[in-house]
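Subject: Structure handover

Hello,

Here is the structure I said I would pass on. My notes on it follow below.

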Amino acid sequence: MRIGLGYDSHRFDPGRPCLLGGVEIPDAPGLKGFSDGDAVAHAVTDAILGAAALGDIGTHFPPGDEAWRDADSMDLLGRAVALVHDAGYRVGNVDLTVICQSRPRISPVAPAIRASLARVLQVSEDQVSVKGKTNESMGWEGREEGLAVHAIALLR
Ligand code: MG
């Protein structure tokens, strides 16, 4: 078994749709980024690549490479899953926490994000956990400058 950690943060950009784990979340600011800004997809990608010691999302899909401009980050996650499979591993489970002060609220959309991630990770929904946390109004997350995602993945 192998364990991996992923982290990502993005600034809010109210001009973009808010995508988390491939799910478009209404009434929430979007996230700035060279890709679609999907910080959940990015953190999970880094967690599974990290568990396999296969580098990180920037190694495989460099920001600034026009091939990945406005990329669908769930597509990048799917490519990372293929790399992990090629290395002889399967995803055991993934757990993640989204840190954001007020918007988007995670609990109402957590089931949809779990289903979306499970589909791309090729696992069942009970192998994916999605949680939300405010930052008690402290720091940049508390000031609602953006959001952060911490993810952990087990491969077997
Ligand atoms: Mg990112």
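Two residues are said to be in contact, to touch or to meet when they have heavy atoms within 4.5 Å. The model is predicted, so local features need pLDDT of at least 70 and side-chain atom pairs count only at pLDDT 80 or more, whereas totals for chains, interfaces and linings use all residues. Residues are numbered from 1 along each chain as its sequence is written, and side-chain values use heavy atoms, with hydrogens and water left out.

Helices (H or I, at least four residues) and strands (E, at least two) are DSSP runs, numbered from the N terminus. For accessibility, buried means under 20% relative accessible area, exposed means over 50%, and partly exposed is in between (1.4 Å probe, protein chains only).

F12 and its surroundings

F12 is part of strand β1, residues 2-13. With a relative accessibility of 13%, F12 counts as buried. Leaving aside neighbours within four places in sequence, F12 has contacts with P29, G30, L31, K32, R103, P104, E144, E145, G146 and L147. One of these, E144, is 132 residues from F12 in sequence, yet the two C-alpha atoms are 7.8 Å apart in space.

Two others in that list, R103 and P104, are joined by a cis peptide bond with omega of about -5 degrees. P104 sits in the loop between β5 (91-99) and α4.

The magnesium ion

Which residues coordinate the magnesium ion? They are D8 (through OD), H10 (through NE2) and H42 (through ND1), at 2.1 to 2.2 Å. Donors here are N, O and S atoms within 2.8 Å of the metal (3.2 Å for Na, K and Ca); water is not among the atoms, so sites may look incomplete. The spacing of the donor residues in sequence is D-x1-H-x31-H. Both D8 and H10 are buried.

Helix packing

Two packed helices are described by the angle between their axes and the distance between the axes. Axes are lines fitted to C-alpha atoms, for helices over the stretch in contact, and angles run from 0 to 180 degrees between N-to-C directions. Angles under 35 degrees count as roughly parallel, over 145 as roughly antiparallel, 65 to 115 as roughly perpendicular, and the rest as oblique. For residue classes, Ala, Val, Leu, Ile, Met, Phe, Trp, Tyr, Cys and Pro are nonpolar, Asp, Glu, Lys and Arg are charged, and the others, Gly among them, are polar.

Take α1 and α3 to begin with. Their axes are 9 Å apart and the packing angle is about 10 degrees, so α1 and α3 are roughly parallel to each other. From α1, the residues A41, H42, V44, T45, I48 and L49 meet S73, M74, L77, A80, V81, L83 and V84 of α3. This contact of α1 with α3 has ten nonpolar, three polar and no charged residues.

T45 belongs to helix α1. Is T45 buried or exposed? Its relative accessibility is 0%, so T45 counts as buried. Not counting residues up to four places away in sequence, T45 touches I57, L77 and A80.

Helix α3 (residues 73-86) also packs against α4, at an angle of about 40 degrees and with the axes 9 Å apart. That makes α3 oblique to α4. On the α3 side the contact is made by M74, L77, G78 and V81, and on the α4 side by S116, L117, V120 and L121. Six of the residues in this contact of α3 with α4 are nonpolar, two are polar and none is charged.

The axes of α1 (residues 39-51) and α4 (residues 110-121) come within 12 Å and cross at roughly 40 degrees, so α1 and α4 are oblique to each other. Here V40, V44 and I48 of α1 meet I113, L117 and L121 of α4. The contact of α1 with α4 has six nonpolar residues, with no polar and no charged ones.

Loops and helix α2

A53 is in the loop between α1 and α2. Although A53 is not a glycine, its phi is positive, near 55 degrees. A53 is exposed, with a relative accessible area of 57%.

H60 is in helix α2, residues 57-60, and at 27% relative accessibility H60 counts as partly exposed.

Regards
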